[in-house]
Amino acid sequence: MPVRDLREWMERVEAMGQLTRVEGADAYLELGGLVDLYQWEMGNPALLFDEIVGYRPGRRLLANVLTSLPRVALSLDLPVDNSPRDFVLAWRSKLKELKPQAAELVEHGPVLDNQQTGDKVDITQFPAPLWHEGDGGRYLGTGNIVVMRDPDTGWVNCGTYRVQVHDEQTAGLYISPGKHGRMIRDKYWARGEACPVAVSVGQDPLLLLLGGLEVDYGTNEYDVAGGVRGEPLQLVRAPHTGLPVPATAEIVLEGEIPPGETRTEGPFGEWTGYYASGEKAEPIIRVRSVLYRDDPIVLGCLAGKPPSDNTFSRSPMRAALIWDELERSGVPGIVSVWSHEAGGGRLFNVVSIKQMYPGHAKQVGMATSSCHAGAYANRFVVVVDDDIDPADTNQVLWALCTRTDVIDDVDVIKRAWSTPLDPMAYAGEGPRYFNNRMIIDACRPYDRLATFPPVARTTEAHATELRARWPELFTRDGKARNDATRVTHAQTGVR
Ligand SMILES: Cc1cc2nc3c(=O)[nH]c(=O)nc-3n(C[C@H](O)[C@H](O)[C@H](O)COP(=O)(O)O)c2cc1C
Ligand SMILES: [Mn+2]
């Protein structure tokens with residue numbers, strides 16, 4: 001059964017033993033600091049904060065959400081116990097069959113239970129942490145979706161763009177160039193009109209995953225979410241703007257983005273793990289109406305040094321896109337793909353192949369570095385043989401250390417596609433940003449395959465025999481047990 005809203009997601013995650021409730025944390029640096037510490041390692045539980053200092057009890061905040069593979073799988077309605085490779089394969093098959101399902105507009109929904117309009121609007125009543133010490137303000141919108149309607153076509157877009165709290169009725173909104181929300185906003189402004197906007201700052205994490213993903217221009221993220229769930233989403237019309245918002249959203253802010261008005265926005269920790277783009281004058285939202293459920297929950301998604309909540313889920317999702325593109329380009333022999341979590345799911349991509357001809361590994365490396373899903377802000381592509389699991393850092397580094405000739409197996413590509421958020425990007429004229437990157441062939445040299453030294457390790461076939469004969473020494477997934485104290489088997493025969 002797919003998850004239908006944030007509360008159901010929390011129940012399911014609690015049943016998996018992956019939810020920790022925290023009471024009494026201060027939204028000024030303490031809450032954000034705790035979330036950051038939990039993000040230092042992936043796989044830690046999600047954190048549900050209540051009794052937050054400075055806010056009314058019951059006004060909650062859920063964070064450290066998509067920092068475990070099982071929780072990302074749950075959110076995408078995939079099996080929760082897959083290995084990274086099986087996760088990527090399952091997501092690829094789901095994408096292949098995925099058909100968007102048009103959302104349903106309904107009359108009622110819990111998000112309409114409470115509303116404030118006009119002078120009563122106060123967005124400071126909802127927990128907005130100062131997440132990191134270097135942040136320029138409090139951010140209410142991090143795990144959010146920003147909903148806008150294209151004035152020409154009626155297309156509704158939902159994108160994840162950060163929302164800062166300026167005062168009771170003013171929020172800051174930062175949208176990078178090229179994002180759908182910015183294109184729509186600019187269309188209203190070109191007509192001299194303010195851009196209507198609705199921001200959900202708490203909703204089903206599936207919408208956060210899709211809001212943060214490059215879904216095609218003109219395609220509505222709600223409909224894609226319906227395709228992932230296998231049933232249409234239920235939406236209600238937000239009364240002030242008429243924009244459709246999830247019927248079970250926790251909190252929705254509605255209003256307009258006026259042309260020509262700005263406030264200082266940022267800095268805010270970014271996905272590369274730095275404050276690279278600094279503070280700037282950015283547009284604002286004049287908030288005219290606030291809708292919320294009883295005891296609403298803000299969904300927090302903290303960016304910062306990767307892997308973080310902002311990027312961890314990108315690793316399997318980007319790996320699936322790159323793998324699809326490599327196959328479509330006609331390159332054979334792709335065994336597995338991983339976009340390393342320390343590279344924010346972009347900077348360090350690894351592909352394992354079954355080498356089939358001289359130059360095959362180099363071809364895969366160049367294709368990975370240039371295909372659309374893999375090109376933006378990439379720094380390293382590493383190609384490994386099929387005995388290496390690309391998602392296992394030790395194995396990848398071992399291949400790099402023992403199969404790479406640092407003169408012959410390394411190529412540098414200059415002036416490639418990047419962003420000012422990349423701290424090692426450099427400005428060309430304009431300024432337009434470029435980066436330099438490296439492709440590393442960490443496969444055994446093709447011309448030495450027959451003579452390359454054999455690996456000093458028990459073979460898979462022998463391992464299978466041993467596990468079968470000594471089951472007391474192994475867990476069900478074949479790992480060494482740490483609780484067996486003495487195991488004896490009678491030997492038959494003499495060797
Ligand atoms: C947690 C999170 C925060 C993000 N913050 C921003 C942001 O502040 N501004 C921005 O332009 N993109 C941000 N992004 C990236 C966009 O969400 C992403 O590029 C997405 O494709 C935008 O939607 P669109 O394709 O409909 O424009 C963020 C992504 C995530 C997951
Ligand atoms: Mn979009």
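**Exercise 1. Work out how strand 5 is joined to strand 16, and which other strands pair with strand 16.**

Step 1. Strand 5 (residues 114-117) and strand 16 (residues 280-292) run antiparallel and are joined by four bridges, where two strands count as paired if DSSP finds at least two bridges between them. Strands here are DSSP runs of E with at least two residues, helices are runs of H or I with at least four, and both are numbered from the N terminus. Within this pairing, N114 has Y292 of strand 16 as its bridge partner.

Step 2. The model is a predicted one, in which local features need pLDDT of at least 70 and side-chain atom pairs count only at pLDDT 80 or more, while totals for chains, interfaces and linings use all residues. Residues are numbered from 1 along each chain as its sequence is written, and chains are lettered from A and ligands numbered from 1 in the order in which they are written.

Step 3. Strand 10 (residues 170-173) also pairs with strand 16 in the antiparallel sense, over three bridges, with A171 opposite I285. Strand 14 (residues 251-257) pairs with strand 16 over six bridges, again antiparallel, and here E254 stands opposite S289. Strand 15 (residues 262-265) is joined to strand 16 by four antiparallel bridges, T262 having P283 as its bridge partner.

**Exercise 2. Describe the shell around ligand 1 by its residues and elements.**

Step 1. There are 20 residues around ligand 1, of which G159, R162, S176, H180 and G212 come nearest; a residue belongs here if its C-beta atom, placed from the backbone, lies within 6 Å of the molecule. The elements that give two or more residues to this shell are strand 8 (156-159) and helix 5 (180-190).

Step 2. By class, the shell holds seven nonpolar, ten polar and three charged residues, with Ala, Val, Leu, Ile, Met, Phe, Trp, Tyr, Cys and Pro counted as nonpolar, Asp, Glu, Lys and Arg as charged, and the others, Gly among them, as polar.

**Exercise 3. Identify which residues of helix 11 are buried, and what they pack against.**

Step 1. In helix 11 (residues 393-403), the buried residues are V396, A399 and R403; buried means that 20 or more other C-beta atoms, placed from the backbone, lie within 10 Å of the residue's own, exposed that 12 or fewer do, and partly exposed is in between.

Step 2. The buried residues of helix 11 pack against strand 19 (348-353) and strand 20 (380-385), contact requiring C-beta atoms, placed from the backbone, within 7 Å.

Note on methods: Two residues are in contact if their C-beta atoms, placed from the backbone, lie within 7 Å.
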